[in-house]
Amino acid sequence: MKTHSFCPNCFQVGTFDGQLCNSCGYVHQQRDKYALAPGTRLNQRYLLGRVLGIGGFGITYLACDQANNKLCAVKEYFPRAWAIRDSMTNQLIPNSEGRNAVYEHGCQVFINEAKILQGLYYNPNVVNVQNFFYANSTAYIVMEYIQGETVSKYMKKLGHTIPLWMATKMLRQVGESLSQIHQNMLLHRDISPDNIMITPDGEFKLIDFGATRTYALSNPLSMSVLVKPGFAPIEQYSRNGRQGPWTDIYALAATYYFVVTGKKPPSAPDRQTGVKLVPLHKVNQNVSGTMSNAIQHGLRRNYAERPQTMADFLRETGIYDSANTNEATQGEKPCLKLQLKQGITVGKWYFPDHPMVIGRKDGNEVCDIYLNNSQISSKHCMVMYDKAGERFCVTNFSKNHTFVKSAILEQGQSAFLKPGEWFYMQTTQERFIFYVEVS
């Protein structure tokens with residue numbers, strides 16, 4: 001199949017002229033010299049499109065699974081330090097550094113990890129592995145294609161940090177997923193805002209297991225040095241560094257530090273030379289002392305002084321006692337429940353110690369709840385709970401109005417609601433209905 005006969009982004013036929021797709025707006029990007037060409041078919045099933053990402057151990061492609069006509073992501077084992085590609089056959093050939101034994105060992109580790117990750121298919125916060133196979137003298141992993149954007153890109157778009165409730169949700173979902181991964185004798189080893197996705201429905205998914213290595217293996221090359229300054233602990237700067245669950249704990253703690261402050265912790269080598277880590281609560285005074293102390297503990301320079309399991313670390317953060325993160329232990333607390341017009345419940349938020357602001361996902365305002373719709377204002381409305389009066393107060397800030405049962409709220413107008421009542425925001429595409437509850 002010729003490269004220009006289909007779009008390497010949406011896979012529509014007849015819409016791409018080699019430069020621009022008239023269907024999805026994709027603009028041609030120059031192909032990386034190491035990557036397989038769009039239109040390459042693997043395993044007689046997977047049609048490759050554009051490159052999604054390239055790392056030291058592999059290349060990830062957007063692909064179409066022609067067995068069911070669904071998009072997926074295909075990760076190719078391609079350790080650039082150990083192999084080269086034959087441009088005529090697409091075969092990977094170990095170089096003098098890789099040697100056959102080293103290259104093949106890495107390939108087997110790659111597939112073994114795919115088998116374990118495939119067993120985590122029921123974990124909603126880990127990218128789902130659907131298939132794996134050998135071809136071109138290397139191995140491939142087929143994963144779900146996740147719609148959304150990385151936490152890093154999301155923050156750049158916002159131009160500021162993410163709300164604390166969202167950061168805490170990220171910490172819980174990613175941390176619980178890592179705990180399960182660790183129980184399978186795996187480490188991720190590359191936790192950062194670049195490797196956590198936010199889906200359109202506000203869930204977090206852990207991606208890019210290219211740096212993952214089974215830490216039970218004794219081969220030092222299977223634990224080769226891969227670091228992101230600010231997020232990687234000191235043991236990742238040395239092949240002799242003792243790595244374990246505490247390694248991912250450090251990176252997750254650093255990620256939380258970054259998303260609520262906008263500042264990366266000093267790099268591990270800099271900290272070794274005396275550069276101080278400013279405690280989290282001194283950079284963001286809205287962070288609780290419990291959370292700040294837990295993050296400080298997770299960022300200890302010496303791995304032996306950190307929590308040794310992810311479960312211990314999560315318990316220290318206090319997230320299971322937080323009013324807006326764990327619904328199972330709430331008791332009688334005020335909350336908002338979001339439903340779409342079709343009656344589908346898509347979110348539930350328990351009130352923190354301040355009013356909750358609702359606004360547009362890509363707006364410039366700091367909100368507690370973000371909605372992904374251009375007709376929602378950056379700061380659309382605010383909701384607070386009047387404990388003494390056992391009622392809720394909704395205040396509208398938008399020219400597009402906020403609607404309650406008996407009125408249309410203009411800018412600056414407020415209305416009181418009893419538990420069980422609702423308010424909503426109407427766009428041309430959707431109605432966002434919030435029920436106010438005490439549950």
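**Salt bridges and burial, talked through**

Modeller: Asp190, Asp194 and Lys228 are joined in a network of salt bridges. Keep in mind that this is a predicted model, where local features need pLDDT of at least 70, side-chain atom pairs count only at pLDDT 80 or more, and totals for chains, interfaces and linings use all residues. Residues are numbered from 1 along each chain as its sequence is written, and side-chain values use heavy atoms, with hydrogens and water left out.

Biologist: What makes Lys205 and Glu144 a salt bridge?

Modeller: The term asks for a side-chain nitrogen of Lys or Arg within 4 Å of a carboxyl oxygen of Asp or Glu. The closest N and O atoms of Lys205 and Glu144 are 3.1 Å apart, so the pair qualifies. Lys205 sits in strand β12 (residues 204-206) and Glu144 in strand β8 (residues 138-144), 61 residues apart; strands here are DSSP runs of E, at least two residues, and helices are runs of H or I, at least four, numbered from the N terminus.

Biologist: Why is Lys205 called buried?

Modeller: Buried means under 20% relative accessible area, exposed over 50%, and partly exposed in between (1.4 Å probe, protein chains only). Lys205 has 13% relative accessibility, so it counts as buried.

Biologist: And why is Asp386 called partly exposed?

Modeller: Asp386 has 25% relative accessibility, so it counts as partly exposed. Arg391, its salt-bridge partner, is at 32% and therefore gets the label partly exposed too.
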